[in-house]
Amino acid sequence: MITAERKPLSEIKEMIAPYKKILVAGCGSCVAECASGGEKEVGLLASALRMDAKMEGREAEIKEVTLDRQCVYEFIDQLTGLIGQYDAVLSLGCGAGVQAVAGIFPEAIILPALNTTFIGQTKEAGLWIENCRACGDCKLGYFAAVCPITRCAKGLFNGPCGGSKEGKCEVDPDAPCAWQLIVERLDKAGRLDLLQKVYPPADWSKQQGKGPRKIRREDQIV
Amino acid sequence: MDQRSAGLNIVIFFCRQLDANQDVNRRALEKELGSRIKFFPLPCSGRIESLHLLRALETGADRVYLITCPEGSCRYREGNLRAGKRLAFAQGLIEEIGLERERLELIRATQDVQMTIDERAQEILMREAVVGPSPIKKSVAGPAV
């Protein structure tokens, strides 16, 4: 899941200041799960902005819509015929959603209300943690499904740094030491032999250095 | 000046478990004050969403109260604790737009005092008006498109 957090209201207000008719557009996928851009959050932000405009005596028409997904054309198409009625769209989608909507409606003003943060999991209600950097060269199969790039504060590929205390990271004492987790899990599974092997270095060209990455699947193209 | 004399619009969300006859007990006050007082019984205060509180303010309430059952006696164990967190979240949001956080208030009932909902409402109306009428005039809530 892609996680995000709402920008401070002062920043949002500054962005929307030149516009009177604003469509607050949420996304019912990842950002709804992390309680930053779903229908409820759209309602809260739109309500706060309407009240703010009233308090400042500004004329503003702020409406709400939530798409099932803001990063897929078939869902974005819901905005066709609607988007032209507004001066700007305040998107509560992730960065991919904002850009996807802007790509389909290049004439429209699309503004981000969220700061997209990381790929992560819902650890418990109200707590999301990062656990994937989308490096494009997944090594989880070697490391007991614990990503050392993401979950080790130092991104170490070759074992623990030696600074952990009681299984906790020395950089963030709230976080478990990724390498302790890896060793414990592999030991439990009887697969410590995986750590004896020498692996080729990670291919970072799959993550960076070639501009925006893309995946093309001929069988999916219609 | 108390809140009744100040003519404030009061909205009260409350846990229905607090008063078994709440639907009857609140009628006289609703009749007397009309639109100046609105009651919203909840099956549990944990049903409240921050959005409910904001919508109440947006649609003309000067003060919004959320009355929960006493700590440790929620029928659903943690509903009243969650309600407090949601109210705090809404307070943070209204503060960001410059509205006083006192416009939203949590009242936690206590074990030792048994009161009907109208008695609680009367007590609220008798309180000093620490904030005046809301600077948000009659706002027309925009429906979802």
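Trainee: Which residues does B:Ile10 touch, not counting those up to four places away in sequence?
Mentor: B:Ile10 touches B:Gln3, B:Arg36, B:Ile37, B:Ala61, B:Arg63, B:Ile124 and B:Leu125, once residues up to four places away in sequence are set aside. Contact here means that the C-beta atoms, placed from the backbone, lie within 7 Å. Keep in mind that this is a predicted model, where local features need pLDDT of at least 70, side-chain atom pairs count only at pLDDT 80 or more, and totals for chains, interfaces and linings use all residues. As for labels, residues are numbered from 1 along each chain as its sequence is written, while chains are lettered from A and ligands numbered from 1 in the order in which they are written.

Trainee: OK. Where does B:Ile10 lie, and why does it count as buried?
Mentor: B:Ile10 lies in strand E1 of chain B, residues 10-15. Strands (E, at least two residues) and helices (H or I, at least four) are DSSP runs, numbered from the N terminus. B:Ile10 counts as buried because it has 22 C-beta neighbours inside 10 Å. The cut-offs are 20 or more other C-beta atoms within 10 Å for buried, 12 or fewer for exposed, and partly exposed in between, with C-beta atoms placed from the backbone.

Trainee: Over to chain A: is A:Thr3 buried or exposed?
Mentor: A:Thr3 is buried, with 24 C-beta neighbours inside 10 Å. A:Thr3 sits in strand E1 of chain A, residues 2-6.

Trainee: And what is A:Thr3 in contact with, leaving aside its neighbours within four places?
Mentor: A:Cys34, A:Thr117, A:Phe118, A:Gly120 and A:Trp128. A:Gly93, 90 residues away in sequence, is 9.9 Å from A:Thr3, C-alpha to C-alpha.

Trainee: How is chain A divided into domains?
Mentor: Chain A has domain 1 (2-118) and domain 2 (133-206), with bounds from an automatic or database domain assignment. Their centres, taken over C-alpha atoms, are 38 Å apart.

Trainee: How exposed are they?
Mentor: A:Ala35 is partly exposed, with 17 other C-beta atoms within 10 Å. A:Glu166 is exposed, with 8 other C-beta atoms within 10 Å.

Trainee: New topic: how do H3(A) and H3(B) cross?
Mentor: The axes of H3(A), residues 39-55, and H3(B), residues 50-58, come within 10 Å and cross at roughly 25°. The axes are lines fitted to C-alpha atoms, for helices over the stretch in contact, and angles run from 0 to 180 degrees between N-to-C directions. H3(A) and H3(B) are therefore roughly parallel; that label covers angles under 35 degrees, with over 145 as roughly antiparallel, 65 to 115 as roughly perpendicular and the rest as oblique.

Trainee: Which residues make that contact?
Mentor: On H3(A), A:Lys40, A:Gly43, A:Leu44, A:Ser47, A:Ala48, A:Arg50 and A:Met51; on H3(B), B:Ser50, B:Leu51, B:Leu54, B:Arg55, B:Leu57 and B:Glu58. By class, the contact of H3(A) with H3(B) has 6 nonpolar, 3 polar and 4 charged residues. Here Ala, Val, Leu, Ile, Met, Phe, Trp, Tyr, Cys and Pro count as nonpolar, Asp, Glu, Lys and Arg as charged, and the others, Gly among them, as polar.

Trainee: How many residues does each chain put into the contact between the chains?
Mentor: Chain B gives 19 residues and chain A gives 17. On the side of chain B, H3(B) has the largest share, 6 residues.

Trainee: Last one: at what angle do H3(B) and H4(B) pack?
Mentor: About 45°, with the axes 8 Å apart, so H3(B) and H4(B) are oblique to each other. B:Ser50, B:Leu53, B:Leu54 and B:Leu57 of H3(B) meet B:Arg86, B:Leu87, B:Phe89, B:Ala90, B:Leu93 and B:Ile94 of H4(B). That contact of H3(B) with H4(B) divides into 8 nonpolar, 1 polar and 1 charged.

Technical notes. Contact = placed C-beta atoms within 7 Å.
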